[in-house]
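Please keep the structure open while reading.

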Amino acid sequence: MPNDALRDACLNRFLQYVKFDTQSDENSETYPSTAKQLDLLRHLQAELKSIGLEDAAMDEHGYVFATIPATTKKSKVPVIGFLAHVDTSPEMPGVNVKPIVHRDYQGQDIVLPDDRAAVLKFKDNPALAEQIGCDIVTASGTTLLGADNKAGVAEIVAVAEYLVKHREIPHGPIRVGFTPDEEVGNGTKYFDVARFGAVCAYTMDGETRGEIEMETFSADAMTVTFHGFNTHPGYAKGKMISAIRVAADFINRLPKDRLSPETTDGYEGYVHPYVVNASVEKTSVKLLLRDFKTPKLREQEAFVTDVAKGTVADWPGSSVELKVEESYRNMKEVLDQHPQVVENAREAIRRTGLKLREHPIRGGTDGSRLCFMGLPTPNIFAGEHNFHSRLEWVSAQDMELAAKVIIELAKVWEERA
Ligand SMILES: [Zn+2]
């Protein structure tokens, strides 16, 4: 059954939030990486208070937490949480976003008015086939929309307001949280799991309706630094050893037909050289190591090490240094220990009348880190599509469905307590 009030609340809040420029910045030394994120975070804190979440508070790092008070008569209903990030990707402008609502979508291609080359094509977006008759929101062609993750923010605030008004719906205490800097990999840096105080949480930051994500890559970052020998190129015969050439040779020796982002999908991992800092004396290559099975990362590391050492062996006088840092781990390792977290979410999605969609995330989420910080956190759809793109879109109906899933999930936890 459509819930017009919930849908309008999601849409109206969303249209308001996307007007805040909250782009994060990976080269910043501050936290949050951009102060403008705090404008939306402060705004959300005030909104939560005005809705009736009296404990809504922002900590010194910008995290906004609040509690939807329990309505249940049961005494031992676990505290669960819902999270969304306020920042938008540094890859695409997020200032002066002009959201456009395309009412009653009929399967046409949508041309964005500020750049007519920006066309949301029906045939390139399979998810649009499920959106006939829906109200689709896009940006105007020159910016991202910010559905990632302001759709999730809007859904959570709309639900908070709804549950405060509908105290007949039984649920335990629900924590809500809004975080900065997810897009620059720092969304959980100062996340205070104890202060959040929930047994588990759900990030509302997924894509297609019905989706739940509980598997992510395990990820390490590797830096391979080649040392050469620089001298005046006019007099370099027999002396110069170019670290650039050694590094190029190394990259060329990495497999091209497998183990690369361009040739893998599903559960396949990869080794991905993605940044090179080059000079004749010293050239470093940064690589991403990715696999769903954590032990496989050790194999990837050994493989890259062998290739690097084999390369310098063919360039006498050169040498190599290797460094590996842990990035994040597959959340499934933690979620498997708390099966009810995912099981209750599946049940909530079914009760909302949706087909359950589950597939591995070929990346990480804030939830991957939170899981290992002691807060099991799978990811649920928010209706966001074409992340980080000018062609980003979300529908009001999908936001409504995601909001309903949140409500059902709160009910399921109460029922099963
Ligand atoms: Zn996101």
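Along the chain, the donors of the zinc ion are spaced as H-x62-D-x56-D. Asp-148 in helix H3 (residues 147-165) and Asp-205 in strand S9 are 57 residues apart, and this pair links distant parts of the chain. The model is a predicted one.

**Zinc site**

- The zinc ion is coordinated by His-85 through NE2, by Asp-148 through OD, and by Asp-205 through two OD entries, at 2.0 to 2.7 Å.
- The site of the zinc ion is irregular, with angles of 52 to 136° among its four donor atoms.
- For comparison, ideal angles at a metal are 109.5 degrees for four tetrahedral donors.
- Asp-148 counts as buried because its relative accessible area is 4%, which is under the 20% cut-off.
- Asp-205 is also buried, at 13% relative accessibility.

**Largest cavity**

- There is one cavity of 30 Å³ or more.
- The largest cavity holds about 100 Å³ of space.
- Its lining has 16 residues, and those nearest the centre are His-85, Glu-182, Thr-203, Asp-205 and Asp-366.
- His-85 and Asp-205, listed there, are also donors to the zinc ion.
- Strand S3 (80-85), S9 and H9 each supply at least two residues of the lining of the largest cavity.
- By class, this lining has five nonpolar, eight polar and three charged residues.

**Largest pocket**

- The largest pocket has a volume of about 1,600 Å³.
- It is lined by 50 residues, of which Glu-182, Glu-183, Val-184, Gly-185 and Gly-364 are the closest to its centre.
- Elements that each supply at least two residues of this lining include strand S9 (200-206), strand S11 (218-227), strand S14 (319-328) and helix H9 (366-372).
- The lining of the largest pocket divides into 14 nonpolar, 16 polar and 20 charged residues.

**Second largest pocket**

- The volume of the second largest pocket is about 240 Å³.
- Residues that line the second largest pocket include Met-1, Pro-2, Tyr-162, Arg-351, Lys-404 and Lys-411.
- Helix H10 (residues 396-415) gives the most to this lining, with four residues.
- The lining of the second largest pocket has six nonpolar, two polar and four charged residues.

**Sheet**

- Eight strands form an open sheet with mixed pairing, in the order S1-S2-S8-S3-S9-S16-S10-S15.
- Strand S1 (57-58) and strand S15 (357-358) are the edge strands, and each pairs on one side only.
- In general, strands of a sheet pair through backbone hydrogen bonds, either parallel or antiparallel.
- S3 pairs with strand S8 (residues 174-179) in the parallel sense, over six bridges.
- Opposite Ile-80 stands Ile-174 in S8.

**Loop residue Lys-237**

- Lys-237 lies in the loop between S11 and helix H5 (243-253).
- With a relative accessible area of 82%, Lys-237 is exposed, because exposed means over 50%.
- From C-alpha to C-alpha, Lys-237 and Tyr-105 are 68 Å apart in space, and they are 132 residues apart in sequence.

Terms used: Residues are numbered from 1 along each chain as its sequence is written. This is a predicted model: local features need pLDDT of at least 70, side-chain atom pairs count only at pLDDT 80 or more; totals for chains, interfaces and linings use all residues. Side-chain values use heavy atoms; hydrogens and water are left out. On a 1 Å grid over the protein atoms alone, a cavity is a set of points where a 1.4 Å probe fits but cannot get out, and a pocket is an open set with protein on both sides within 12 Å along at least five of seven lines; lining residues have an atom within 4 Å of a point. Grid points are joined across faces, edges and corners, and a volume is the space filled by probe spheres set on the points. Ala, Val, Leu, Ile, Met, Phe, Trp, Tyr, Cys and Pro count as nonpolar, Asp, Glu, Lys and Arg as charged, and the others, Gly among them, as polar. Donors are N, O and S atoms within 2.8 Å of the metal (3.2 Å for Na, K and Ca); water is not among the atoms, so sites may look incomplete. Four donors count as tetrahedral if all angles lie between 85 and 135 degrees; four count as square planar and six as octahedral if opposite donors are over 155 degrees apart and all others between 65 and 115; anything else is irregular. Buried means under 20% relative accessible area, exposed over 50%, partly exposed in between (1.4 Å probe, protein chains only). Two strands pair if DSSP finds at least two bridges between them.
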